[in-house]
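User: Hello! I am new to this structure and would like to get to know it through a few questions. Could you take me through them one at a time?

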Amino acid sequence: MIPRSLAARAGDAVAGLFLLGASLLYHLPALVAGMIPMQDDVRIFYFPLLVATTDALRQGTLPLWSPGIFGGYPLFADGEGGMLYPLHLLTLSWLAPEASLVVLRVIHSFLAGLFTFMLARTLRTGRIGAVIAGLVYAYSGFAAGQIVHSSIFEAMVWLPLALAYTERALRSRGRQCLQLALLAGAVVGIQALAVHVQVTIMTGLAISAFAAYRGPSRGDANSYGRPPSLPGRLLRSAAVVAIVGTLGIALGAIQLAPLIELGTSTSRGGNGLGPSIGATNSLWPGEIVTLFLPNLHDTGVDGFWGPWVKWETVIYVGVLPLFLAALALVVRSGPYRAFFSVLAALSLLLVLGANGPLWGAVHQLPGFGALRSPGRFSLWFALSIAVLAGYGADWLASRWVPRPRLALALLSLGSLLTAGVGVGLQQASDRVLSLAHQAGLILDLYALLPGMPRVVDGQPLTGPRVGELASQSLTPSNPATAWQLALLGACIVVIGVALVGGRARVPSLAMGTGLIFADLWMLGLTFHPYAPIAELRPRVPSVLVRPDDGPFRVYTPPTSDERLGQVEPNRLISVGVQDANGYTSLEPDRHAAYVNAVQYTDGDLMDLWNVRYVIRRVGPRPLPSYAGTSFHPERPLLSAKRLTPGSGEGFLPDGGAAEANQIRVVATMWDAAAVPDGTIIARIVLEAADGQLREVSLRAGRDISDTDSDRLGAQSRIQNGAEVAFQHQSADPSASRYGEQLYLGRLSIDPPMTVKRVTIEQMAFPGGLQVFGLGVVDGATGEVTQVRDKAKYNLVYSDSEIRVYENTQAMPRAFVVGTGVAAPADRDILWWMVDGPFDPRTTAIIEGPIPSERRLPNNGSVPINAEATLLKYRPEEVSVRATADRDALLVLTDPMYPGWTADVDGRPAPMLLADYLFRAVQIPAGTHVVTFHFQPWSLAAGAMLSALGFLSLAIIPLASLFPLLWRVAAPAGRLRSLAPRREAPSDVLAEAP
């Protein structure tokens with residue numbers, strides 16, 4: 001006879017192999033055809049970080065700082081790349097990033113199933129129920145949706161294992177309780193190193209709630225003798241939670257400490273995210289129907305017409321698991337059903353976010369203000385339904401007594417239910433379509449819900465179109481809906497056959513297990529679009545990777561409507577190209593503000609940023625126009641600097657030189673309401689193809705006025721003769737002078753000429769000039785040619801997706817200026833740089849405290865003879881040789897960030913914040929070597945805490961050795977009386993009673 005323990009272990013091993021096979025099958029497209037679920041974050045965030053981590057690990061380092069994104073970024077601190085996550089360390093050092101991505105997904109799907117199996121067995125389910133629980137959690141809608149967010153997908157795996165060890169610790173006493181609590185803490189620490197704070201917080205809350213639920217319980221199944229008193233049990237629960245939390249945080253501190261430091265420089269620091277941003281991806285209550293129809297909002301061409309983001313609000317867990325979970329509650333099966341039913345209900349309330357009663361209060365709690373996407377709390381729902389489904393399956397598996405009448409009745413009712421649901425869906429489809437034709441108010445309001453897309457499949461999403469799309473999704477003739485109805489019928493058959501009892505229950509539950517996997521696998525295959533793994537690597541124009549005489553940056557636009565296909569933020573990391581922009585949820589506030597200013601108007605800021613190449617998307621740019629002249633009302637072509645005569649810009653006609661007898665200018669002035677009519681605001685120099693120059697003037701009151709002049713509700717102004725081209729009510733977040741009214745100037749060119757270039761130079765007047773649109777008019781045809789491209793940009797590459805322009809005025813990465821100006825406290829420094837009298841080639845604006853023993857150099861208008869040469873440019877170390885004939889400032893256009901230090905000729909020197917974003921060091925006259933080092937204190941502090949946490953794990957083997965050491969050291973007569981109380985063994989995979 002095979003020993004019971006051996007048979008149990010063999011059964012558990014078979015179950016583990018089954019779960020491994022399920023993982024391999026689930027990821028078969030990736031393993032066989034190289035096709036993986038692909039969304040934006042995979043391409044532009046997780047895969048580039050995987051490449052950077054792989055490269056660093058193979059060089060025996062960590063990617064503490066990367067010059068490849070944001071002009072320089074603490075990549076390790078971001079954390080979502082999981083640089084120290086143990087499974088990454090095991091795979092990235094010997095696999096290519098593409099292979100690592102696939103292997104990691106397979107491993108984590110398997111571990112999610114295995115750990116949930118272990119939790120279910122610990123919570124007294126049988127083997128079949130535990131397998132079903134593992135399948136439900138590992139392949140739930142949450143897992144299918146978040147598989148494109150590697151940090152979330154990898155972190156969710158460890159929640160069930162942490163709960164399993166917590167439960168075992170709560171059952172135990174003495175050193176065994178301590179050992180198991182430490183193991184639970186180690187699991188939380190591993191999860192923390194996967195670095196998704198929201199998942200780790202959810203794990204901590206779940207463990208705390210579970211311990212609070214278990215604390216009053218008298219069940220100490222693994223202890224002999226009298227159970228502890230209620231205060232003792234409560235104290236033990238509190239101690240377990242404290243140990244798990246403290247050790248988990250300590251082990252993850254090496255990653256969490258730099259992450260917290262980075263967070264303080266982002267919008268998530270300080271007071272956290274605002275209520276509206278925090279409630280992003282809230283579930284609308286009506287979306288509960290997606291528990292049965294997960295593809296309700298999908299269109300036939302990969303569109304999505306539901307609120308927010310599909311993969312952030314998914315709550316689907318399969319049809320049969322819902323039946324089994326409900327069955328567990330009805331028949332009162334499983335000792336922990338109350339806890340998981342409450343957790344599931346709490347999860348759904350939190351998932352509602354702004355549409356529910358809890359999120360507003362939760363978001364105000366300390367630490368929660370930095371979180372968003374309440375839809376992610378569906379993680380608890382997935383785990384709860386998984387455990388409850390395991391209990392329901394166990395109850396069915398225990399039905400030895402046949403119940404044919406009950407089964408027959410259930411099958412009959414089930415058939416009627418399935419048919420009734422089908423009829424009801426068709427009626428709902430017809431009703432919604434009728435509302436669409438009647439322009440129903442409900443559909444119009446639905447189309448205006450927060451997070452709804454404005455365009456779906458190239459068409460506006462109006463109320464009537466919502467009705468048409470909903471009708472198409474609800475009708476049973478829709479293949480996705482028909483599949484769900486078939487699943488409903490099959491689930492009823494499975495439960496009915498299982499209720500027959502006897503030998504029928506085993507094959508029915510086996511069929512049910514396969515049905516659950518097929519249901520969730522189909523969801524995984526259709527949830528995200530699949531794309532070849534090879535597309536993860538960008539196709540980069542050779543002009544961006546050619547050798548150059550020094551480092552330079554490219555600039556890729558940041559907004560989602562201007563993404564550039566192959567060349568997008570972050571993707572250039574894999575080919576070593578440094579981008580001034582980037583993409584992450586932890587973008588530093590100053591970088592975001594700088595990008596906003598550059599997007600507003602890319603004058604000196606782009607040049608100062610060492611941007612050599614600007615990349616733009618090919619395609620139509622839908623812009624408003626007036627009198628044939630197009631313009632962007634919130635992005636001027638030129639923002640000439642106040643009190644800086646002669647400042648201006650050159651522009652080129654689209655498509656080359658154009659015949660013209662008139663130039664049209666869409667422009668406005670600000671802070672210039674008192675400028676008299678007729679004042680020349682700017683001179684416009686027209687250059688012909690043969691080099692001939694012609695000059696026309698832009699005059700106040702005739703061609704242009706102050707932005708507030710003649711606006712409805714504004715006070716009377718002097719200027720009132722300019723032709724109004726555009727009015728809008730908008731507000732610049734950092735100032736109050738956003739252009740509210742734009743004007744059109746029609747300037748004659750007599751005689752006509754072929755215009756090759758247009759240069760606008762501001763004249764001296766109090767105030768500023770902004771030009772939003774330029775057009776030259778062919779007098780013979782009336783055709784207006786737009787003049788939009790800045791002359792400083794040369795087109796060097798073009799294909800069907802992008803155009804690459806070389807910025808001929810890009811400044812070097814490091815340079816010397818002769819004048820430093822202390823930033824005034826009452827000015828917005830960034831906008832002063834945009835529109836004030838500031839030249840970054842001669843002056844640096846210094847913010848923050850200036851050492852009392854130092855004075856900023858001020859050489860006025862006297863040119864300085866200076867030079868800066870980069871000697872070394874590495875991620876964590878930069879050396880510059882700077883020469884100046886008088887005291888000066890060396891400016892390095894890399895971001896200022898905590899942890900960077902500087903020395904001059906080997907001696908520490910204070911580092912200054914220059915030009916809003918960059919680093920500067922004051923140098924005396926002569927030649928000096930300035931070196932910048934990145935040595936973040938947060939990493940050192942975190943590493944110390946993690947080392948202490950790791951050392952504390954030594955308690956586990958020492959606790960096991962302690963009784964033996966005591967027996968050796970104690971006198972023989974005291975051994976019996978002082979021997980510790982005997983405790984029963986406790987295995988995570990122990991047989992369920």
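Predicted model: local features only at pLDDT ≥ 70, side-chain atom pairs only at ≥ 80, totals over all residues.

User: Is aspartate 671 buried, exposed or partly exposed?

Analyst: Aspartate 671 sits in the loop between β11 (658-670) and β12 (680-688). Buried means under 20% relative accessible area and exposed over 50%, with partly exposed in between. Because its relative accessibility is 49%, aspartate 671 counts as partly exposed.

User: What is the phi of aspartate 671?

Analyst: Aspartate 671 is a residue other than glycine, yet its phi is positive. The value is near 55°.

User: Where does tyrosine 916 lie, and what is its phi?

Analyst: Tyrosine 916 belongs to the loop between β28 (912-914) and β29 (918-923). With a relative accessible area of 13%, tyrosine 916 is buried. Although tyrosine 916 is not a glycine, its phi is positive, at about 75°.

User: Let me step back to the whole chain. How many helices and strands are there, and what percentage of the residues is buried?

Analyst: The chain has 29 helices and 30 strands. Among contacts between residues at least 6 apart in sequence, 77% join residues at least 24 apart. Of the 993 residues in the chain, the buried ones make up 55%.

User: How many residues of helix α11 are buried?

Analyst: Helix α11 covers residues 174-194, and from its first C-alpha to its last it reaches 31 Å, close to the 30 Å expected. Just after α11 comes valine 195, which takes a positive phi of about 60°. α11 is largely enclosed by the rest of the structure, because the buried residues number 16 of the 21.

User: Which residues does tryptophan 158 touch beyond its neighbours in sequence?

Analyst: Tryptophan 158 is in the loop between α9 (150-156) and α10. Its relative accessible area is 8%, so tryptophan 158 is buried. Glycine 189 is 31 residues away in sequence, and its C-alpha is 9.7 Å from that of tryptophan 158. Not counting residues up to four places away, tryptophan 158 touches Tyr85, Leu87, Phe115, Val187, Ile190 and Gln191.

User: At what angle do the axes of helices α10 and α13 cross, and which residues make the contact?

Analyst: Helix α10 (residues 159-171) and helix α13 (residues 230-263) have axes that come within 10 Å and cross at roughly 145°. The crossing of α10 past α13 is right-handed. By class, the contact has four nonpolar, two polar and one charged residues. They are Thr166, Ala169 and Leu170 of α10, with Arg236, Ser237, Val240 and Val244 of α13.

User: Why does isoleucine 663 count as buried?

Analyst: Isoleucine 663 is part of strand β11. Its contacts, leaving out residues up to four places away in sequence, include Ile684, Leu686, Val696, Leu747 and Val776. Valine 787 is 124 residues away in sequence, with 9.6 Å between the two C-alpha atoms. Isoleucine 663 counts as buried because its relative accessibility is 0%.

User: Which residue makes a polar contact with the side chain of asparagine 610?

Analyst: Asparagine 610 lies in the loop between α25 (604-608) and β6 (611-617), and it is buried, with a relative accessible area of 1%. Leaving aside neighbours within four places in sequence, its contacts are Pro551, Phe552, Arg553, Met811, Pro812, Arg813 and Thr893. The C-alpha of asparagine 610 is 5.9 Å from that of arginine 553, which is 57 residues away along the chain. The polar contact, at 2.6 Å, is with the side chain of arginine 813.

User: What is the relative accessibility of asparagine 581?

Analyst: Asparagine 581 is found in the loop between β5 (553-555) and α24 (589-600). Beyond four places in sequence, it touches several residues, among them Ile69, Phe70, Pro557, His591 and Val595. Asparagine 581 counts as buried because its relative accessibility is 1%.

User: One last question: which peptide bond is cis, with omega near 0°?

Analyst: Look along strand β15 (residues 741-762), where proline 751 has its place. The cis bond is the one from aspartate 750 to proline 751.

How values were computed
Residues numbered from 1 in each chain as written. Heavy atoms only, no water. Helix = DSSP H or I, 4+ residues; strand = E, 2+ residues; numbered from the N terminus. Buried < 20%, exposed > 50% of the residue type's maximum accessible area, 1.4 Å probe, protein only. Contact = heavy atoms within 4.5 Å. Axes fitted to C-alpha atoms, helices over the stretch in contact; angles between N-to-C directions. Left-handed = near helix turned anticlockwise from the far one by under 90°. Nonpolar A, V, L, I, M, F, W, Y, C, P; charged D, E, K, R; others polar. Polar contact = N/O pair within 3.5 Å; in protein donor to acceptor, adjacent residues only side chain to side chain. Expected span 1.5 Å × (residues − 1).
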